[in-house]
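This report covers strand pairing and aromatic contacts in one model. The sequence and the structure come first.

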Amino acid sequence: MTRHHDGGVAMSRTRHRAELSAIAAVITALSAAIYVGVDAGDGPLDDTTAAPRPAPGRAAPVSTGVWVGTWAAAPAGGEPLTGTDGTAGRTVRNVVHTSVGGTGARITLSNLYGTRPLTVTAATLAVAADDDGPAATAGTLRRLTFGGAPTVVVPAGGQTVSDAVTLAVPADTDVLVSTYTPASAGPVTHHRHARQTSYTADGEHTEDVTGGPYTGRSTSWRYLTALDVLSNEADGTVVAFGDSITDGITSTPGANRRWPDVLSDRLRAAVTAGEDAPRYGVVNAGISGNQVLADGQGVPRSRPRPDGDLPTADNPSGLERFERDVLGRPNVRVVVVDLGVNDLLRNRSLADPDAVADGLRTLVERAHARGVKVVGTTLLPFRGHRGSTDAREGVRREINDTLRSGTVFDELVDVDAALRDPYDPRRLRADYDSGDSLHPSDKGYRRMAELIEPEQLEGSAPARL
């Protein structure tokens, strides 16, 4: 059964397959150009379609819609213990969960933390047959190409976007993206806390539909940083930008209960019910441990930044990665920023509340320069956590007072007021606490998403004067 977390009746896989077969029959009867988009650099993805390029041996659809993000994960660092062998001689099958559906799809692969070029000689995409499993739904597996070729070489520190493939991608469904790499590129660019099981197989098994060869398991997403769809059911992307709270580090694995997942469910349910709600795909750009101002620790990136400055460590700051992880998403309309707690907890000296607020204002200015609206949240309490002190609590309150003053974000969601213990506002309410006094429980993540009103996501950024 495909999970729906808004309390509605779950749609069965049988129904999914029937819908896919019907759509596939219509698509096959049509002919037109396949949409292609390739980017080998670090800049924004192209939301437009390229000149027609028919796929060999496959009819292409007549399709309308816009490119939106249905899933994403921010590259967070080089995977430990992969510097020598990487994933050489193995197939990685990433399992990801869609927010909205479409009639075409494309992926982004990243070699941001690799020290050598990443060669991918085969890649496929398919709709999963079961939740959290490596088997594909019959008839949905598609070979991916890059500039018309089945092989792509991604330079160290770079990324690439595949050509689009014709595929009916349902909303709220697991999708399989498989890549085979014959040689090591050094440390594997990954997103550590996937809260989703992915798979590996020895040898080249990208076109396997049974899932049988995929005996290895992984709790990280490797190389894959985005899945976009050509969609008629959505006209924009909302990016959730934050730290481990947005990453959903304490949410139930495999259940898609991070607050961005719940927000996606709410928007989709509202649109289905005919309510006046924005039609957006929701993508998660949270990185556990992320800060507004400071980079994390770890092995430096393999090349300097575009401005020629020194390489950046793993887990780059919000200021460092905002362009790539937010503004680089297709048709981004809104960003929800929940960031700042780690600036307090990971700073050995007392954080400067004005500096944190100014850093958030810089993110807002960059978003506004691209016409993107910014919704922000207050900082959740953390009394009881090992990093909690009275002085840090004072800084948290000072930052929240500034956020509530209306001088930072376009809209504010006061998660602090809603999730704190009414008898001790310095700590999370017990049923909203995962148990570590910092990260919410599934119920707490749901509450966070419920606080975001659909109308807060509507409209545009204020005009620049």
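Strand β3 (residues 90-97) pairs with β11 in the antiparallel sense over 8 bridges; two strands pair if DSSP finds at least two bridges between them. The model is predicted: local features need pLDDT of at least 70, side-chain atom pairs count only at pLDDT 80 or more, and totals for chains, interfaces and linings use all residues. Residues are numbered from 1 along each chain as its sequence is written, and side-chain values use heavy atoms, with hydrogens and water left out.

H97 has D174 as its bridge partner in β11. Strand β6 (residues 122-127) also pairs with β11 in the antiparallel sense, over 6 bridges, and there A123 has T179 as its partner. Helices (H or I, at least four residues) and strands (E, at least two) are DSSP runs, numbered from the N terminus.

In β11 (residues 174-181), 8 of 8 residues are buried, that is, under 20% relative accessible area with a 1.4 Å probe, protein chains only. D174, L176, S178 and Y180 cover one side, and V175, V177, T179 and T181 the other.

The structure holds 2 aromatic pairs. Rings of Phe, Tyr and Trp (its six-membered ring) pair if their centres lie within 6.5 Å, and planes over 60 degrees apart count as edge-to-face.

| Pair | Centre to centre | Between planes | Class |
|---|---|---|---|
| W71 and W221 | 5.1 Å | 80° | edge-to-face |
| F241 and F322 | 5.3 Å | 85° | edge-to-face |

W71 lies in strand β1 (residues 66-72) and W221 in strand β15 (residues 221-222), so this pair ties together parts 150 residues apart in sequence. W71 is buried at 7% relative accessibility, and W221 is buried at 5%. F241, in strand β17 (residues 236-242), and F322, in helix α4 (residues 318-327), are 81 residues apart; both are buried.

Terms used:
Phe/Tyr/Trp six-rings, centres within 6.5 Å; stacked < 30°, edge-to-face > 60°. Buried < 20%, exposed > 50% of the residue type's maximum accessible area, 1.4 Å probe, protein only.
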